[in-house]
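Here's a walk through the model you have open. Keep the viewer handy and follow along.

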Amino acid sequence: MDLITTTAELTAACDRLAKHAVITVDTEFLRETTYYPLLCVIQMASPEEAVVIDALAEDIDLQPFFDLMGDEKVLKVFHAARQDIEIVWHEAGILPHPIFDTQVAAMVLGYGDSIAYDQLVERITGHRPDKTHRFTDWSRRPLTAEQMHYAVSDVTHLRDVFAALDVDLKKRGRSDWVSEEMEVLTSPKTYDFHPERAWERLKSRVRKPKELAVLMEVAAWREQEAQSRDVPRSRVLKDDAVGDIATHAPTSLERLASLRSLPKGFDRSKWGADIIAAVQRGIARDPRALPKIEKQRNNSNGAAIVELLKVLLRMTSERHAVATKVIATVDDLEQIAADDHADVAALHGWRRELFGEAALALKHGRLALAIEKGRVVRVDRE
């Protein structure tokens, strides 16, 4: 197979692919040393052909590919689509639509949480994909014949996986469940990485408004720095260091130097003063304008309720052959335990029908769990 390296070749290939209702898509990229992923290779397939595109070729404009990604008449099938979509969003400012994510579909059909592509291919087709080039350097040229074969197989096997999952979804009446998830994957909010919201990605447990304000400012500074230098966030400042700064709020370089989570000498770098300035901006923020800090749940039975909800979730997952992760997360369960009206996915749409209503019934004693013949069963109570 010839590698597509010119705009003319890409345009012709995209014109052919656009005649089909469904195509499969995958990308190869690098992002270990950058903030933004470096798109290296694109592979696509229709029922009639498969193509591999050199995204780094000097004489290629990827606009025909981006136009195809936005073509509403063509369903684009990915596996674990989020990073592929993020690349298109960053490179062209558009979101592929409509799409189908085989990993999400597999979770809805009970193949487990976030099943890997090669495992899904083997379970559905019986073929064991070659994983040799999964972590290859896709930016090096020329691409080898083995790399080309690997790239092509990613999208050709995906055709068979999609066909099988699509039939099963329709048979079980769950196509709408996947469509609902695809709307989230194709929402700009999913890829909206504004520095002001960078703090939301951190798992730091701040307890005071001042700590939250400093966290927001330092996280925003780190995000802007990482974006401007095109380096991973951790190259600028590690997550635990951001949390440490938020907790201690150092207002001088001397106090900054005392934090053990920062590399030695960091306070003397050009970023030391930037961090102090961010801390001071945080301290100056109006506490009344800050997001509310989630209070510790003091319900003495809260942990026990969450454990019971976990059992109910596992039962529901097994009974309906749906991955637990796609029904509810542990955080969902904790919020349900604390609030009947928690704004979590598990209390909306098909998830509420499948699990949410039962979770609330269990919480309020209208439903009980019992062991019968070695199995946990639900018992409806008056």
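Let's start with a definition: a salt bridge here is a side-chain nitrogen of Lys or Arg within 4 Å of a carboxyl oxygen of Asp or Glu. Before using it, note that this is a predicted model, where local features need pLDDT of at least 70, side-chain atom pairs count only at pLDDT 80 or more, and totals for chains, interfaces and linings use all residues. Residues are numbered from 1 along each chain as its sequence is written, and side-chain values use heavy atoms, with hydrogens and water left out.

By that salt-bridge rule, the count comes to 22. One to look up is the pair Arg141 and Asp54, whose side chains meet at 2.7 Å, N to O. Arg141 sits in the loop between α5 (117-125) and α6 while Asp54 belongs to strand β3, so this pair ties together parts that are 87 residues apart in sequence. Helices (H or I, at least four residues) and strands (E, at least two) are DSSP runs, numbered from the N terminus.

That brings us to the sheet around β3. Five strands make up an open sheet with mixed pairing, in the order β3-β2-β1-β4-β5. Its edge strands, each pairing on one side only, are β3 (50-54) and β5 (99-101). Pairing, by the way, means that DSSP finds at least two bridges between two strands. Strand β1 (residues 22-30) and strand β4 (residues 75-78) run parallel and are joined by three bridges; Ile23 stands opposite Lys76 in β4.

Now for what lies on the sheet. Helix α3 (residues 82-92) lies across β1, β2 (38-45), β4 and β5, at about 80° to β1. Helix α6 (residues 145-172) lies across β1, β2, β3, β4 and β5, and runs at about 135° to β1. For these angles, axes are lines fitted to C-alpha atoms, for helices over the stretch in contact, and angles run from 0 to 180 degrees between N-to-C directions. Contact means heavy atoms within 4.5 Å.

Next, have a look at two helix pairs. The axes of α8 (residues 209-229) and α10 (residues 239-248) come within 8 Å and cross at roughly 140°. The two are therefore oblique to each other (under 35 degrees counts as roughly parallel, over 145 as roughly antiparallel, 65 to 115 as roughly perpendicular, and the rest as oblique). On the α8 side the contact is made by Glu211, Val214, Leu215, Val218, Ala219 and Arg222, and on the α10 side by Asp239, Val242, Ile245, Ala246 and Thr247.

In the other pair, the axes of α13 (residues 302-320) and α15 (residues 330-338) come within 9 Å, crossing at roughly 125°. So α13 and α15 are oblique to each other too. Gly302, Ile305, Val306, Leu309, Lys310 and Leu313 in α13 meet Val330, Leu333, Glu334, Ile336 and Ala337 in α15.

Finally, how do β6 and β7 pair? Strand β6 (residues 367-372) and strand β7 (residues 375-380) are antiparallel, over six bridges. Ile371 has Val376 in β7 as its bridge partner. The two strands form a hairpin with two residues between them, and Lys373 in the turn has a positive phi of about 55°.
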